[in-house]
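This report describes selected elements of a two-chain model and how they pack and pair. The structure is shown first, and the description follows.

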Amino acid sequence: MASLAVIRAQVESRLPGALTVYERAAHEVFPTGIAALDRHIGGIPQSALTQFCTPAGMSSGKTSLLVSLMSQMTRREQFCALVDAGDCFDPSSAEPAGVNLARLLWIRCGNSVCASIPERTPSARSGDLAARRKLSPLEQAFKAADILVQNGGFSLIAVDLGNVEEKLVRKVPLTTWFRFARVIEKMPAALLFLMPFPAAQSCAGLTLHLACAEPRWSAMKNQETKQISHAQFFAGLLCEAEIGRSRLRKPMQSANGARFTAIPRWA
Amino acid sequence: MLFGCIHVPDFPVQAALHMEMETESVSFKNNAIAVLDGPESLLKIFSCNEQARQAGIVIGMTKLQAEACPGVVLRRRMAELETAAQSDLLACAYGFSPRVESTAPGTVIFDLTGGERLLGSQPEIGKQLAASAEEFGFTANTALAANADAALHAARGFAGITVIADGLEALRLASLPVEVLEPAPEILDTLDSWGIRNFKSLAALPSVPLTQRLGQPGLHLQRLARGEVRRELVPAEPPPSFQESVELEESVELLEPLGFVINRLLHELISRLRERSLATDHLQLDLMLEIHCDHQLHSQNPQAPAADPAASPLPALHRRTLKLPVPTQDGKVLLKLLQLDLAGHPPPAPVKKVSVEVFPARVRTTQSGLFQPLAPEPAQLEITLARLRAAVGEKDDHDRDRVGFPTNTDSHRPDSFQVLARAEESTDAKRGRNRGGQQKEILECLPAPQLVLRRFRPPLAAYVECSPPAPAPSKSEIPAAVIFNGARAKVVHACGPWRSSGLWWDQSGRWQHDEWDVALSLNGVAGLYRIFRDAQSGQWFVEGMYD
């Protein structure tokens, strides 16, 4: 044993920390504001990467969940940033849901047109032309997320890739997710991705699968009113969230997911 | 020691005439002029010249009373004109000495010690002073004395040129009325009650009893009347300039070397701001461009348009302006913002002259609380926003910012919002914040999250197959299938229509939608969508998906 300690001391004198076990700090959590979900997952982990996964084109309640989280955070005077790859965020829905829009930085990616480059321009000659090529919305989203993570100051950085095709997200190398996960570990912020499938894999601190939600319609009392389309209205979306992976709770507490109902403004 | 003083009597009147004499050929110099000041409804005579006094004008007279005096020209007092006239007066004094004190509006004192060898004897200097003031358009009194205050009182009290020899101040000033000393009204009343009318009688009073009765101000007045006060001048400083420019020997074509030039200018300006404990939140960069016109090419090809520099489509000046939310003294932040801005808006031609101007502002002194939540540092946030704009673009097709803080506009039109570069808290949000804990409790007790819409921007054009009209009382056609994005989705459930419209008075801006909430089954995946029919065109669109 003595020789082992000597060897250890010799190795550590040359390579400090080489034999030290890497310990992750205990995660604090941000509550989502949905009691059923907070009981189930504990909240969105701080200093970790979180992914909400749901197939494209499916109403699952992921955006309502994100808006509820942003509502909770902005009401606590924390700043949030939303990188919107599909430019699908709706401020008119978010404000009544309690989001303080003055504390939300919105980055709208899309088919932006680069500034026109005249014939005689310094940038054209310096070879910046390639750098100024048109970026795809996915590239824009990752670049924006990178800038935000480097800058700091935001308690939540959400990247909405919900409208991006799954085959494009699959092309994102795992090292990208790993790098994001390691950078966010040292920051008092949550990094959240809305994706069509769990691309970040083991880099994610929390993976939440949202199943296809079940729409609820207003009560139709008799057969006559049932036939009248404007006598009924959409009354809510019954959503179900299931933990795919979590560093907060091991092992999983329940095979069943958390259920919650997202209610429209008029219901 | 030798001090000179130029005093412009009735300065507001002369300042009002000063600009007119420069711009107009007609001179009002010999006219009776009175200057009015005060609120529009209560204008009173603030100052007047000798001719006006002779015409019956008295200080404090109302405008109506002044108009009753014949031949008097009335002018409104203008602070800008007085500032400009004072600058001219200072310029006049700087011609004689570098140490000039701007004592009062219309009065300057300057140090002429050692100036006799250059300017001549004291009476000659006095004449030169008067001539110089005349050249600048002022009718001024000038005085020279061994101490500044004696020169000042002589210029105020005696018309024309006055030269007081060293040691004879008390004797020379003896005849001046005590009002020239500008004492406080209560002291003036006291002196008047004692029968003290001029400098001589004030100077003759015993100092100790005078101090016992009037205090230190009384003693100071007596020393002034005796010409005994010797003080240092407080030199006037020219207004600081926060503009730096450099003309380049060789025009710069690349942004990187241009950054070095700008950095040098910014460094100078920031250090100048720091010396004065100032910061800046507004910066302007002017780049003079070198635009060549190839005359030889034009002569070879006569059909080509004339190469006239004036007709060149490229402007010769490329101007960029930066406005920050908070003042900063950080040159690196300003440089980075300028570099990012120039990368987005590069000058269209090589740069031959660079000019940077910063507008000073007070340094930000607020400090955020220790227990406040994490928030981006304002100056750093500006750089982040500039980088984000470079990554995703500045504006969309509707000329709305791509990066910023969203805010809903006061309209029922769907998807009407603005994106602001600076966060502006709405009144509702402020009110909610003021409620504090109560609001938090309400939020925490909310039974369910609110459902939101994921919008398609722009709305997706769709073809909708409708079922036959339902029997009464509905009579409306119900969507049965929606074809969009190249796929056909069967409508599982539909409710609607709900009509919304607005701007019916505006031909171009009016809108009218019949909205439906439909549950669609597309490739085995269920989605809940909002679709609408544009009543004007009859075209169907998918507005968004509830999620």
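## A covered helix in chain B

Helix α7 (residues 148–157) of chain B is mostly covered, with 10 of its 10 residues buried. The buried residues of α7(B) include alanines, namely B:Ala148, B:Ala150, B:Ala151, B:Ala154 and B:Ala155. Also buried in α7(B) are B:Asp149, B:Leu152, B:His153, B:Arg156 and B:Gly157. The model is a predicted one.

## Chain B overall

The secondary structure of chain B amounts to 17 helices and 20 strands. Of the 547 residues in chain B, 34% are buried. Among contacts in chain B with a separation of 6 or more, 55% are between residues 24 or more positions apart.

## The barrel of chain B

Six strands of chain B close into a barrel with antiparallel pairing, in the order β15-β16-β17-β18-β19-β20. From one strand to the next, the twist averages 45°.

Strand β18 (residues 511–522) of chain B pairs with β19(B) in the antiparallel sense over 10 bridges, and B:Trp516 has B:Ile531 in β19(B) as its bridge partner. Strand β19 (residues 525–534) of chain B is in turn joined to β20(B) by six bridges, again antiparallel; here B:Leu528 stands opposite B:Tyr546 in β20(B). The hairpin of β19(B) and β20(B) has five residues between the strands, and B:Gly538 takes a positive phi near 80° in that hairpin. Strand β15 (residues 453–466) of chain B also pairs with β20(B), in the antiparallel sense over six bridges, with B:Gly544 in β20(B) as the bridge partner of B:Arg455.

How many residues of strand β20 (residues 540–546) of chain B are buried? Seven of the seven are, so β20(B) is largely enclosed by the rest of the structure.

## Pairing around β12 of chain B

Strand β12 (residues 351–362) of chain B pairs with strand β9 (residues 243–252) of chain B in the antiparallel sense over six bridges. In that pairing, B:Val252 has B:Val351 in β12(B) as its bridge partner. Strand β10 (residues 278–289) of chain B is joined to β12(B) by 11 bridges and runs antiparallel to it. B:Gln284 stands opposite B:Glu357 in β12(B).

## Helix α15 of chain B

Helix α15 (residues 378–392) of chain B has 15 residues. From its first C-alpha to its last, α15(B) reaches 21 Å, close to the 21 Å expected at 1.5 Å a residue. Of the 15 residues of α15(B), 13 are buried, so the helix is largely enclosed by the rest of the structure. B:Gly393 follows α15(B) and has a positive phi, near 100°.

## Contact between the chains

The contact takes 81 residues from chain A and 75 residues from chain B. On the side of chain B that touches chain A, α15(B) gives the most, with seven residues. By class, that side of chain B has 44 nonpolar, 17 polar and 14 charged residues.

How do α15(B) and helix α6 (residues 137–151) of chain A lie, and at what angle do their axes cross? The axes come within 9 Å and cross at roughly 170°. Since angles over 145 degrees count as roughly antiparallel, α6(A) and α15(B) are therefore roughly antiparallel to each other. From α6(A), the contact uses A:Gln140, A:Lys143, A:Ala144, A:Ile147, A:Leu148 and A:Asn151; from α15(B), it uses B:Gln380, B:Thr384, B:Arg387, B:Leu388, B:Ala391 and B:Val392. By class, this helix contact has six nonpolar, four polar and two charged residues.

Strands of the two chains pair as well. Two bridges join strand β5 (residues 104–108) of chain A to strand β13 (residues 403–408) of chain B, and these strands run antiparallel. The bridge partner of A:Trp106 in β13(B) is B:Gly404.

## A buried loop residue in chain A

A:Ala199 sits in the loop between β7 (190–195) and β8 (206–210) of chain A. Is A:Ala199 buried or exposed? With 20 other C-beta atoms within 10 Å, A:Ala199 is buried, because 20 or more such atoms is the cut-off for a buried residue.

Not counting residues up to four places away in sequence, A:Ala199 touches A:Val169, A:Arg170, A:Val172 and A:Trp177. A:Trp177 and A:Ala199 are 22 residues apart in sequence, and their C-alpha atoms are 8.2 Å apart in space.

How values were computed. Residues numbered from 1 in each chain as written. Chains lettered and ligands numbered in written order. Predicted model: local features only at pLDDT ≥ 70, side-chain atom pairs only at ≥ 80, totals over all residues. Helix = DSSP H or I, 4+ residues; strand = E, 2+ residues; numbered from the N terminus. Expected span 1.5 Å × (residues − 1). Buried ≥ 20, exposed ≤ 12 C-beta atoms within 10 Å, placed from the backbone. Axes fitted to C-alpha atoms, helices over the stretch in contact; angles between N-to-C directions. Parallel < 35°, antiparallel > 145°, perpendicular 65-115°, else oblique. Contact = placed C-beta atoms within 7 Å. Nonpolar A, V, L, I, M, F, W, Y, C, P; charged D, E, K, R; others polar. Pairing = 2+ DSSP bridges.
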